[in-house]
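Work through the exercises below with the structure open. Try each task before reading its solution.

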Amino acid sequence: MLYTELQPVDSFKVKLAHPFSAYDRQMLTLFYQPLIGPEAVSLFMTLWTDAESREPQEHTHYYLMNMSSFPLQAIFEARISLEAIGLLRTYKKKQEIDKRSFLYELLPPLDAPSFFNDPLLSTFLFSKIGEQPYRQLRGRFLEEPIAKEEYQDISRTFLDVYKPARGDQAMELTAGMHFQGKSEPTGIPFYVANFNFDLFYNGLSEQMIPKASLRTISQEMIAMLAFLYSLSPLDMQKVVMIAMDENHQLTEEKVRKAAAEFYKMNTSKQPPKLQSVFTQPIVDEVPKENMSRDEELLFYLEHTPPKEMLRKVSKKEPFLVDIQLAERLINLHKFPVGVVNVLLQYVMLRNDGKITSSFVERIASHWANKQVNDAKTALKLSREEHDQYMKWLKEGKQSTPRNRKPTREEKVPEWFSKRDKKNEKSSKPNHFNVEEERQKLLKELGISEPEVK
């Protein structure tokens, strides 16, 4: 439901929680990019750069689409990935009727110690990059402790250097004001409501797990581990009992290790992987055997992205304006992929290989009123419209005066034809013109024109 969430004309402003540093850039590139992908990091960097301008600027999302060369769908998915990982907060302006306006607040990434101590982030990073790169990355940010047996701290304190002074006037001038400063990163915005703590606590007897021991473990940690390893409240009871030592003491480190061991013994030795909720599962559909020509055509149209179809027809990378037009038909007008492919090919064949936005939208509006919801219906309707168009051409040709040049004959693609006829090869033009390009398009689509008597 992208249309209800975001549109290119929606405006936005960017706000930084505090000025970021080169260390934050390292964390984004090395730690967060494997989890959320380069598109989300690219969006973060674009917003970061824009927020560092001297005066806050307001843009529409067309600006982001042009700056990043991403379609709106990719920008929206990148945005919610940043929100989920704790790098972005999105605020929508209230009481907006005619338009929507957003405020994007960029949040700092976790530092290396906090990241490695977070069970969700560290485990997902391990599953993404593998053991050896994970160890190398961890070693890069290890801090070498100061050898206290070799050095003595002789640093002065503030009172050793400065004398107290009267500061009432300065305090009065700044009372009640909010200043920009370095805020602590919040990490993943994780909610514990989905975990059944009543069932978890009721199954733990006071003799086995004292309540005082459980107080050392936060509920957020318990719910996070349960989510990470897909453990039920009963499974988490076993994890806690495994983690408890002989003195009935629990630490978060021991609970994390116990949960990982429990997962390895009962589920898989491979670490769990992060999966986005908006990523649709890819289903490999295989064409049926002994399909008719129409069935093969329908299968191709319904299972080929418009971008790939345009690339195959033109034998080169399609222009961004044509891709955006196809995406608008799918995302905004809710046309299925197969219908969009039929529509684009129909327009190209009727318009000398050109895709004109106004022509496409006019036909799309007509098909929407006709409630065209599948490629089969789109093919049927396009054939009927083409037959009517050919009838008008023939009637116009019969009424043409003898001294007037006849109207150029319209080429009929084979998959528009409803009759089985033997095709004749068209004569090749003697010089390069638009008709030659049209013939190439018909040949690329594997179609030819029937004989016109």
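The model is predicted: local features need pLDDT of at least 70, side-chain atom pairs count only at pLDDT 80 or more, and totals for chains, interfaces and linings use all residues. Residues are numbered from 1 along each chain as its sequence is written, and side-chain values use heavy atoms, with hydrogens and water left out.

**Exercise 1. The sheet**

Find the order of the strands in the sheet and state how they pair.

Solution. Helices (H or I, at least four residues) and strands (E, at least two) are DSSP runs, numbered from the N terminus. Two strands pair if DSSP finds at least two bridges between them.
- The sheet is open, with 4 strands in the order 2-1-4-3 and mixed pairing.
- Strand 1 (residues 11-16) runs antiparallel to strand 2, joined by 2 bridges.
- Ser11 has Thr60 as its bridge partner in strand 2, and Phe12 has His59.
- Strand 1 and strand 4 are parallel, with 6 bridges. Phe12 stands opposite Phe102 in strand 4.

**Exercise 2. The cores**

Identify the residues with the most contacts inside the largest nonpolar core.

Solution. A nonpolar core is a set of buried Ala, Val, Leu, Ile, Met, Phe, Trp, Tyr and Cys residues joined through side-chain atoms within 4.5 Å. Buried means under 20% relative accessible area, exposed over 50%, and partly exposed in between (1.4 Å probe, protein chains only).
- The largest core has 70 residues, and those with the most contacts inside it are Phe31, Tyr32, Ile36, Leu106, Phe115 and Met236.
- Helix 2 (residues 22-51) gives the most to this core, 13 residues.
- A second, separate core of 28 residues includes Leu298, Phe359, Val360 and Leu379.

**Exercise 3. One face of a helix**

Which residues of helix 16 (residues 306-314) are buried?

Solution. 
- The buried residues of helix 16 are Pro306, Met309, Leu310 and Val313.
- Seen down the axis of helix 16, these buried residues fall within an arc of 95 degrees, so they line one face of the helix. The arc is that of the directions from the helix axis to the C-beta atoms.
- Lys315 follows helix 16 and has a positive phi near 60 degrees.

**Exercise 4. Salt bridges**

Locate the salt bridge partners of Asp10, Arg256 and Lys380.

Solution. A salt bridge is a side-chain nitrogen of Lys or Arg within 4 Å of a carboxyl oxygen of Asp or Glu. By this rule there are 11 salt bridges.
- Asp10 pairs with Arg100, with the closest N and O atoms 3.1 Å apart. Asp10 lies in the loop between helix 1 (2-5) and strand 1, and Arg100 in the loop between strand 3 and strand 4, so the pair ties together parts that are 90 residues apart in sequence. Both Asp10 and Arg100 are buried.
- Arg256 meets Glu253 at 2.5 Å, N to O. Arg256 is buried at 16%, whereas Glu253 is partly exposed at 38%.
- Lys380 pairs with Glu384, with the closest N and O atoms 2.7 Å apart. Lys380 is exposed at 51%, and Glu384 is partly exposed at 35%.

**Exercise 5. Positive phi**

Is Ser69 buried or exposed?

Solution. 
- Ser69 is in the loop between helix 3 (61-68) and helix 4.
- Its phi is positive, about 60 degrees, although Ser69 is not a glycine.
- Ser69 has 52% relative accessibility and counts as exposed.
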